Amino acid sequence: MKKTAVFPGSFDPLTLGHTDIINRAIPLFDEIIIAIGTNSSKKYMFALSQRRKFIEKTYANEPKIVVDTYQGLTIDYCKKVGSQYILRGLRNPADFEFEKAIAQTNRKMSEIETVFLLTSADTSYISSSIVRDILINKGDVSMLVPEIVARG
Ligand code: ADP
């Protein structure tokens, strides 16, 4: 059976932390759907179309990567697209505590397994929120994001 994972997130914007997890997960799955969650009550810095474009351009030459958007529960989206796995990255104990509760709840509500990859040592400090802070203050984010994002 084709192994498909959903990598859900805000990707506001895509960072080298995200691409580290995605690149390391590519050999593990037949297909990875990068699913940009949309929540009408959340304020984003980048429009959905822009967040999507950054990911599509970064992975234009990777046939295993599909980019999509969704609303609602991640497990419902997984069922809709026939994915058995949710992929998440872990940076620190705070991520672990948060992700543990969500993964266990999802497991209670469905058969879907969450697969965690531990952040690489050289990208563990990167987060979209720090990237946004630097951008607001007109700083240089080229060390933290893929080239296409740095170029805007
Ligand atoms: P969310 O709002 O769902 O946390 P994000 O776009 O912030 O969306 O993150 C999506 C996923 O990428 C999460 O699993 C997060 O832990 C992971 N991630 C983000 N930055 C890093 C990083 N530097 N190293 C490892 N995983 C990361």
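Start by selecting Ile34 and Val67: in β3 (65-70), the bridge partner of Ile34 is Val67. The model is a predicted one, in which local features need pLDDT of at least 70 and side-chain atom pairs pLDDT 80 or more, while totals for chains, interfaces and linings use all residues. Residues are numbered from 1 along each chain as its sequence is written, and side-chain values use heavy atoms, with hydrogens and water left out.

Strands here are DSSP runs of E with at least two residues, helices are runs of H or I with at least four, and both are numbered from the N terminus. Two strands pair if DSSP finds at least two bridges between them. β2 and β3 run parallel, joined by 6 bridges. Follow the chain from β2 through α2 to β3 and you trace a right-handed β-α-β crossover (with the strands pointing away from you, the path from the first strand over the helix to the second runs clockwise).

Now look at the other partner of β2. β1 runs parallel to β2, again with 6 bridges, and Thr4 stands opposite Glu31 in β2. β1, α1 and β2 make up a right-handed β-α-β unit.

Next, select all of β2 (31-37). How many of its residues are buried? The count is 7 of 7, where buried means under 20% relative accessible area, exposed over 50% and partly exposed in between, with a 1.4 Å probe and protein chains only. In a regular strand the side chains alternate between the two faces of the sheet. Here Glu31, Ile33, Ala35 and Gly37 point one way, and Ile32, Ile34 and Ile36 the other.

Go back to Ile34 and show its contacts (heavy atoms within 4.5 Å). Leaving aside neighbours within four places in sequence, Ile34 touches Phe7, Phe11, Ile22, Ile55, Tyr59, Ile65, Val66, Val67 and Asp68.

Time for the cores. A nonpolar core is a set of buried Ala, Val, Leu, Ile, Met, Phe, Trp, Tyr and Cys residues joined through side-chain atoms within 4.5 Å. The largest has 27 residues, and Ile22, Ile32, Ile34, Ile55 and Ile65 touch the most other members. Two or more residues come from each of β1 (4-9), α1 (16-25), β2, α2, β3 and α6. Apart from it lies another core, of 9 residues, including Ile33, Ala35, Ile86 and Ile112.

Select helix α2 (residues 48-58) next; Arg51, Phe54 and Ile55 are buried there. Why are they on the same side of α2? They cover an arc of only 90 degrees around the axis, taken from the directions from the helix axis to the C-beta atoms. Their cover includes β2, β3 and α6 (147-151).

Finish with the salt bridges (a side-chain nitrogen of Lys or Arg within 4 Å of a carboxyl oxygen of Asp or Glu); the count comes to 8. Three stops:

- Arg24 and Asp20: their closest N and O atoms are 3.0 Å apart. Both lie in α1, 4 residues apart, about one turn of the helix. Arg24 is partly exposed at 33%, while Asp20 is buried at 12%.
- Glu56 and Arg52: N to O is 2.9 Å. They too sit 4 residues apart, in α2, and are partly exposed at 37% for Glu56 and 26% for Arg52.
- Glu99 and Arg88: N to O is 2.7 Å. Glu99 lies in helix α4 (residues 93-109) and Arg88 in strand β4 (residues 85-90), so the pair ties together parts 11 residues apart in sequence. Glu99 is buried at 6%, and Arg88 is partly exposed at 21%.
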